[in-house]
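Reader: Hi! I'm new to this one, could you walk me through it?
Author: Happy to, let's take a look together.

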Amino acid sequence: MQHPLRCRCGTVQGFVENPLRANRCVCYCKDCQAFARYLGSESQTLDARGGSDVTQVLPKYVTFSQGVDSLACIRLTDKGMIRWYAACCKTPIGNTLENFKISFIGLLHDCLETVPLQDSFGPVRSYVNTHGAYGEPKPKSAGVATTLWWALTTIGKARVNGDYKLTPFFRVDTGKAIAQPHVLSADELATAMRQPAH
């Protein structure tokens, strides 16, 4: 089974294989919110409480059929996650760590919604980093153990069997991302981190 992946304008297209092996969660962290703000997609990417619907998969299950040259990425800080998007239309794609040997990408729902997410990936299994949610009271954390178990077993297995080497986001021979991450300036970061009044 394959789930289609595309940016809003259709320049970047591909698919995700084995979607039932994914872990789907909603993340309320301020960094995910800042990424959406930086791209100008806060109203499309975040829910009413500032949550991002994230589908975590092994990069080996992601294939781009066109538009790879349009992939770009940022880092909020020089030690932050690498946050991928389509430069053509600013569609968020997903988040990886700098070290590709820790093998996962958290795909944002924006690039997956040509087919209902639940039909392919199942329901949301966890709600994480809820302290960053907009408003009070904060949503309750749930399913954190499920996400940790997925990470330990799936990412750990990929490290052992070598599946971490199968990734469209990094050059395995050098360990570098296929696009040079833009590290946000202090002003860019301050603007991106500025939450709207709620």
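Author: Before we talk about sheets, one definition: two strands pair if DSSP finds at least two bridges between them. Also keep in mind that this is a predicted model.

Reader: Thanks! So what's the strand order in the open sheet of three strands?

Author: The order is β1-β2-β5, and the pairing is antiparallel. β1 (2-6) and β5 (62-66) are the edge strands, each pairing on one side only. On average, neighbouring strands of this sheet are turned by 25 degrees against each other, direction ignored.

Reader: How many bridges join β1 to β2?

Author: Five bridges join β1 to β2, which covers residues 13-17.

Reader: Nice, found it. And what holds paired strands together in general?

Author: Strands of a sheet pair through backbone hydrogen bonds, either parallel or antiparallel.

Reader: Okay, on to the open sheet of eight strands. What's the order there?

Author: That sheet runs β10-β3-β4-β9-β8-β7-β6-β13, and its pairing is mixed. β10 (126-128) and β13 (182-183) stand at the edges with a single partner strand each, so one side of each has no neighbour in the sheet.

Reader: Which strands pair with β9?

Author: β4 and β9 pair in the antiparallel sense over four bridges, and V54 has L108 of β9 as its bridge partner. β8 (residues 91-96) also runs antiparallel to β9 (residues 105-108), joined by two bridges. There, G94 stands opposite L107, and N95 has G106 as its bridge partner.

Reader: Are the residues on the faces of β9 buried or exposed?

Author: Buried, on both faces. I105 and L107 are on one side, with G106 and L108 on the other.

Reader: Which strands does α1 lie across?

Author: α1 lies across β3, β4, β6 (71-75), β7 (82-86), β8 and β13. Its angle to β7 is about 30 degrees.

Reader: Switching topic: what's the volume of the largest pocket?

Author: About 460 Å³. The largest pocket is lined by 24 residues, and C27, Q56, M81, F104 and N129 lie nearest its centre. Two or more lining residues come from each of β3 (23-27), α1 (30-39), β4 (52-57) and α4 (144-161).

Reader: Which of those gives the most?

Author: α4 does, with six residues. By class, the lining of the largest pocket has 15 nonpolar, seven polar and two charged residues.

Reader: And how about the second largest pocket, what's its volume?

Author: That one has a volume of about 190 Å³. Its lining includes R75, I82, E98 and F170. By class, the second largest pocket is lined by six nonpolar, two polar and three charged residues.

Reader: Which peptide bond is cis, and where is the proline?

Author: The bond from E136 to P137 is cis, with omega near -10 degrees. P137 is found in the loop between β10 and α4.

Reader: One last thing: where does N18 lie?

Author: N18 is in the loop between β2 and β3. Phi of N18 is near 50 degrees, a positive value in a residue other than glycine. With a relative accessible area of 34%, N18 is partly exposed.

Definitions and conventions
Residues numbered from 1 in each chain as written. Predicted model: local features only at pLDDT ≥ 70, side-chain atom pairs only at ≥ 80, totals over all residues. Heavy atoms only, no water. 1 Å grid on protein atoms, 1.4 Å probe; cavity = no way out; pocket = protein on both sides within 12 Å on 5 of 7 lines; lining within 4 Å. Points joined across faces, edges and corners; volume = space filled by probe spheres on them. Nonpolar A, V, L, I, M, F, W, Y, C, P; charged D, E, K, R; others polar. Axes fitted to C-alpha atoms, helices over the stretch in contact; angles between N-to-C directions. Contact = heavy atoms within 4.5 Å. Buried < 20%, exposed > 50% of the residue type's maximum accessible area, 1.4 Å probe, protein only.
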